[in-house]
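Work through the exercises below with the sequence and coordinates at hand. Each task is followed by its solution.

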Amino acid sequence: MLYGYYLDPTYILVIIAFLLTMFASFGVKSTFNKYNNVHSSRGITAADAARKILDANGLYNIRIDRVSGELTDHFSPKESVIRLSDSTYNSTSVAAIGVAAHECGHAVQHQVGYVPIRVRNSIVPVVNVCNTLAMPLFLIGLILGIGNLAMAGAILFGAVLVFQLVTLPTEINASRRAMKTLESMYLLEGDELKGARKTLTAAAMTYVAAVAASALQLLRLLMLANRRRD
């Protein structure tokens, strides 16, 4: 039985999800590295660009900090801080400036009460609980042959997919805000804007891949749980 389990054909879904995630990750890193070698004609750093964007939107209270790592950039609304990674903070590349502007886009979303980000934040506690319970319930149900319990775990895992689906438009919108701001404030121009846009598009694909991977994982869990119910 154990041998048969390891040959389960649903593993193809795991492999596809893994390949999608790896492909997206490789894409964003290679695109970032490419346009990280294309520097802004204005010579402005990503941190300076972020400060200008925040100030232009009246977000003087949000500070900009440096965080270790590569592409670990993020906005923390609770702390009112944008953290730019080592590969971004002092860089004058169009890729780094695009990433910094994207994080500023999230800050503006919070300022204007952008609905998808409000929905995402409101469901975080529920998603955390569902994510904690999902796999233990699923595995217990699978091992003990309790199909309904395994199905309950699979359904709870669906909350992760819902969260990612809500997250996707917030990321796309933040990138759109970033590109409009970079152009309207003349922080980048011409081919520089194209480089920043390609960088942010590649980054957005990682979220698309995450949604697809979670959907495939959910499908697999539902298929396995349904077998236990038959």
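In the charge count, Lys and Arg are taken as positive and Asp and Glu as negative, while His and the chain ends are left out. The model is predicted.

**Exercise 1.** Count the charged side chains and find how far apart the centres of the two sets lie.

Solution. Step one: the count gives 21 positive and 15 negative side chains. Step two: the centres of these two sets are 6 Å apart.

**Exercise 2.** Compare the span of helix H6 with its expected value.

Solution. Step one: H6 covers residues 147-184, which is 38 residues. Step two: at 1.5 Å a residue, 56 Å is expected. Step three: the distance from the first C-alpha to the last is 57 Å, close to that value. Just after H6, Tyr186 has a positive phi of about 55°.

**Exercise 3.** Identify the largest nonpolar core and the element that gives the largest share of it.

Solution. Step one: this core holds 33 residues, and Ile97 and Leu182 are among those with the most contacts inside it. Step two: the elements giving two or more residues include helix H2 (11-35), strand S3 (81-85) and helix H4 (94-112). Step three: H4 supplies the largest share, ten residues. Step four: the contacts of Ile97 beyond four places in sequence include Ser40, Ala49, Leu182 and Leu188. A second, separate core has 14 residues, including Leu142 and Leu218.

Technical notes. Residues numbered from 1 in each chain as written. Predicted model: local features only at pLDDT ≥ 70, side-chain atom pairs only at ≥ 80, totals over all residues. Heavy atoms only, no water. Helix = DSSP H or I, 4+ residues; strand = E, 2+ residues; numbered from the N terminus. Expected span 1.5 Å × (residues − 1). Charge placed at Lys NZ, Arg CZ, Asp CG, Glu CD. Core = buried A, V, L, I, M, F, W, Y, C linked by side-chain atoms within 4.5 Å. Buried < 20%, exposed > 50% of the residue type's maximum accessible area, 1.4 Å probe, protein only. Contact = heavy atoms within 4.5 Å.
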